[in-house]
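I'm opening my notebook on a new protein chain today. I'll jot down what I look up as I go.

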Amino acid sequence: MESVDSRDEETPLVVDSLQIRTPKNNTRDIHILSAAFLLIFLSYGAAQNLQSTVNTKDNLGTISLGILYTSFTFFSLFASLVVRILGSKNALILGTSGYWLFVAANLAPSWYTMVPTSAYLGFTASIIWVGEGTYLTATARNHAIDHKLHEVTVIGNFNGEFWAVFALHQFVGNLITLAVLRDGSVCVALVVKFDLFSDIAQHGGSTSGTTLLFILFLTIMTLGTVLMYFLSKEDGKGEKELADSSINFYSYVMSLSKSIITPLFDIRMILIIPLIAYSGLQQAFVWAEFTKEIVTPALGVSGVGGSMAVYGAFDAICSLVAGRLTSGLSSITFIVSGGAFAQAVVLLWLLLKYSLTSGVLGVLYPLLMAALLGIGDGVLNTQLSALIGILFKHDTEGAFAQLKVWQCASIAIVFFIYPYISLQAMLIVMLVGICVSMVGFLSLTILVEKTFCSRSS
């Protein structure tokens with residue numbers, strides 16, 4: 001009897017210990033990640049927009065951005081290996097340092113400060129974005145497992161929240177810039193262009209005003225970096241193995257080669273690369289061509305901030321909605337097709353029908369185009385991240401590295417060639433890009449569905 005009683009007494013202890021283990025709520029980490037990126041990029045985005053108007057001497061701002069995106073493209077090839085060695089959380093924290101130094105360099109801009117920090121920012125940008133995609137996807141999977149939820153839905157929801165908050169950086173950053181630099185020509189700084197308004201900038205905001213703005217941005221970015229430290233430590237599965245193998249030079253080279261080359265032999269990656277490249281192309285088009293050729297002639301320089309705010313607002317709303325609607329490959333296909341159609345409407349409108357008008361329509365048209373372009377960008381950001389997280393589970397870092405390589409390469413190309421290409425030629429390139437990318441994407445969905453059906457049978 002005593003043994004039976006003792007067993008009865010011990011049983012509740014086992015039950016209690018099991019009851020203590022409750023599933024972790026990973027949404028907290030997504031809230032922190034989203035807020036941190038908003039703080040960092042509202043500062044960096046506005047500082048980037050200032051380059052062509054503040055650092056005009058010898059085209060310093062223009063060349064710095066060109067170096068930045070070239071470096072970004074190059075280091076994205078190696079970013080997946082760096083993230084594996086550091087871990088995604090450490091990569092996120094280290095990645096913030098480049099953005100902070102770039103903004104700090106603007107307090108004393110020169111060839112000796114801007115060029116090195118731009119090159120370094122290219123490196124840190126590559127690892128922060130690969131780290132973001134890896135961390136968010138792993139967090140979403142853990143949340144789905146812990147709470148017995150559909151993995152694809154959770155990945156879509158988490159990406160939707162992140163990109164919705166991130167998209168607000170254009171809106172908030174523009175408002176801060178306007179609040180600090182109050183004279184009428186400050187809106188020039190809201191445009192991402194090269195050498196377009198250098199003569200206006202010479203009579204623009206005061207040095208003290210821009211100095212105050214950059215100091216404010218550094219403070220905001222510091223808060224964003226601090227937030228990164230509150231992220232939960234990601235699971236270290238596989239990281240120790242890679243770190244150990246990196247001691248051996250041969251293993252290190254093989255791991256690097258595998259990280260860079262292996263994804264390019266995956267037919268799924270080949271089919272999605274055109275859509276990735278187009279996502280970068282359309283962003284650069286908005287920053288470089290749309291604001292210069294469409295918004296400024298219709299609304300003036302002071303209207304650029306408003307159009308970019310509309311763009312950012314619709315980008316954020318669409319990111320959130322698209323993320324909530326993501327439930328599988330079929331939903332991703334439908335959402336991406338809708339976003340591509342919205343942007344195709346704008347491109348065809350500009351190529352075939354649009355002409356500068358006065359009155360209410362002259363103001364409304366550019367804002368409507370900005371909204372449609374923002375919708376397309378929100379769709380591509382959320383759905384590409386979700387799609388890569390779903391399809392490339394066994395090499396998330398490598399897949400997200402490919403995402404940034406092709407995005408940044410297309411952005412860099414536009415920045416370098418846009419002074420020498422007409423708006424009509426750029427619109428044709430964009431339309432061809434949409435067609436090619438959608439053919440590849442729809443082929444991908446057919447391939448994946450066939451593979452799934454064959455395995456099911």
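Predicted model: local features only at pLDDT ≥ 70, side-chain atom pairs only at ≥ 80, totals over all residues.

Entry one, the whole chain. I started with burial and found that 54% of the 457 residues in the protein chain are buried. Next I looked up the secondary structure: 16 helices and zero strands. For the surface I noted an accessible area of about 19,800 Å², with 68% of that belonging to carbon and sulfur atoms. Then I checked contacts between residues at least 6 apart in sequence, and 86% of them join residues at least 24 apart.

Entry two, a helix pair. I reminded myself that two packed helices are described by the angle between their axes and the distance between the axes. I picked helix α11 (residues 267-299) and helix α13 (residues 329-353), whose axes come within 13 Å and cross at roughly 35 degrees. The crossing of α11 and α13 is left-handed. Which residues make the contact? On α11 I listed Leu275, Tyr278, Gln282, Phe285 and Ile294, and on α13 I listed Val336, Gln343, Leu347 and Leu350. Sorting the residues of this contact gave me seven nonpolar, two polar and no charged.

I found Gly359 in helix α14, which covers residues 359-391. Is Gly359 buried or exposed? Its relative accessibility is 51%, and the cut-off for exposed is over 50%, so I wrote Gly359 down as exposed. I also looked up how far Gly359 is from Ala298: they are 61 residues apart in sequence, and 9.9 Å apart in space, C-alpha to C-alpha.

How values were computed. Residues numbered from 1 in each chain as written. Heavy atoms only, no water. Axes fitted to C-alpha atoms, helices over the stretch in contact; angles between N-to-C directions. Helix = DSSP H or I, 4+ residues; strand = E, 2+ residues; numbered from the N terminus. Left-handed = near helix turned anticlockwise from the far one by under 90°. Contact = heavy atoms within 4.5 Å. Nonpolar A, V, L, I, M, F, W, Y, C, P; charged D, E, K, R; others polar. Buried < 20%, exposed > 50% of the residue type's maximum accessible area, 1.4 Å probe, protein only. Areas by Shrake-Rupley, 256 points an atom, 1.4 Å probe, with all protein chains shown as cover.
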